[in-house]
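I have a new structure open and my notebook beside it. Here is what I looked up, entry by entry.

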Amino acid sequence: MAAIFLLLVIGAIYFFIINPRKLQDKRAKDVINDKPIFPPEWRIILAEKVTFYNTLSRKEKMRFENEMLEFLDSCRITGIGVEVEPIDEILIAASAVIPIFAFPDWSYQNLYEILLYPNAFNEKFETSGPDRNILGMVGNGYLKGKMILSKPALHQGFSNESDKRNTAIHEFVHLIDGADGAIDGIPKHLMDKQYLIPWLDLINQQIEAIYAEKSDINPYGGTNRQEFFAVACEYFFERPKLLERKHPLLYQLLAQIFKHDMKMRNMHKKRLTIGRNSPCPCESGLKFKKCCGMKHYQ
Ligand SMILES: [Zn+2]
Ligand SMILES: [Zn+2]
């Protein structure tokens, strides 16, 4: 009996503590400056899954990749009863970088660990049984500094690109909102004072429209100001052109807050499937097999 218990404990220690670190240590480092190298095969996943990445210029892609690495260096990702795969790291890091892409010096001060759950969960953090409708959350109290994400919701956010929903981006927006000390739907440090009153007026009107069922914005945004802000940002980063058409003032204020005219990005750009002869997603102009895919096709 005791032996079985000991085995279980060792297993748990390996799975929850050693294993995630090992995954992160796998990232190769540049011997000259001791910085991690962006794994070339990650570009395939980005090109296939993250439309935002495909809209970037070559120079912007390099910046995006560096910011992803910096993020992953600053934040641990731990699977709770689920394996953390490279694609999870990539989608999480992309979700962290997309909203703050216009702020190259941004770092998430209020986050040090992401817990990846195998499924949606309930208020008791149970991932099976009834009433599981939480897909992600930013922790407070004893969970301060942590974010919880359901793995299927993380993936869904990037596989359906017309539903104006992306759970991981939603949670990162809460952190951006909270960087001024309060998650309240008002990212004060990103807003010029002159926009504060129009922003509050607009949120109130928009929430009323949700209650009157006269809005195409996710009704969950009607919960309160902070949820409205997070939900509107999912829309802004996924369907910017549609948001601009349907809610021009909301679009304008979000573009001002994030210093990002998202409608200029062609989010309809077809996602790529990379084969050996495809142009390399790093935009070097070479075929994939002669560039970032070299390792695979040796
Ligand atoms: Zn929320
Ligand atoms: Zn390449």
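Before the metal sites, I noted what a donor is: an N, O or S atom within 2.8 Å of the metal (3.2 Å for Na, K and Ca), and since water is not among the atoms, sites may look incomplete. I am working with a predicted model, where local features need pLDDT of at least 70 and side-chain atom pairs pLDDT 80 or more, while totals for chains, interfaces and linings use all residues. Residues are numbered from 1 along each chain, chains are lettered from A and ligands numbered from 1 in the order written, and side-chain values use heavy atoms, without hydrogens and water.

**Entry: zinc ion (ligand 1)**

I read the donor spacing along the sequence as H-x3-H-x52-E. His-170 sits in helix α7 (residues 167-178) and Glu-227 in helix α9 (residues 225-238), so I am looking at a link between distant parts of the chain, 57 residues apart. Helices here are DSSP runs of H or I with at least four residues, strands are E runs of at least two, and both are numbered from the N terminus. The coordinating atoms are NE2 of His-170, NE2 of His-174 and two OE entries of Glu-227, at 2.0 to 2.7 Å.

Why is the arrangement around this zinc ion (ligand 1) called irregular? Its four donor atoms subtend angles of 52 to 144 degrees. For four donors, tetrahedral needs all angles between 85 and 135 degrees; square planar (four) and octahedral (six) need opposite donors over 155 degrees apart and all others between 65 and 115; anything else is irregular.

I also checked burial, where buried is under 20% relative accessible area, exposed over 50%, and partly exposed in between (1.4 Å probe, protein chains only). His-170 is buried at 6%, and Glu-227 is buried at 11%.

**Entry: zinc ion (ligand 2)**

Which residues hold the zinc ion (ligand 2)? I found the SG atoms of Cys-280, Cys-282, Cys-291 and Cys-292, at 2.2 to 2.3 Å. Their angles run from 101 to 119 degrees, which makes this arrangement tetrahedral. Ideal angles for four tetrahedral donors are 109.5 degrees. The spacing reads C-x1-C-x8-C-C. Cys-280 and Cys-291 both lie in the segment after α11, so the pair ties together parts 11 residues apart in sequence. Cys-280 is buried at 4%, and Cys-291 is buried at 19%.

**Entry: helix α11**

I asked how covered helix α11 (residues 248-257) is, and seven of its 10 residues are buried. Among them are Leu-250, Tyr-251 and Leu-253. Their cover includes α8 (196-211), α9 and α10 (240-246), counting contact as heavy atoms within 4.5 Å. After α11 comes Lys-259, with a positive phi near 50 degrees.

**Entry: positive phi in loops**

Most residues other than glycine have a negative phi, so I noted two more exceptions. Asp-131 has a positive phi of about 55 degrees and lies in the loop between β2 (113-117) and β3 (136-138). Is Asp-131 buried or exposed? It is exposed, at 66%. Glu-213 has a positive phi near 55 degrees, lies in the loop between α8 and α9, and is exposed at 73%.
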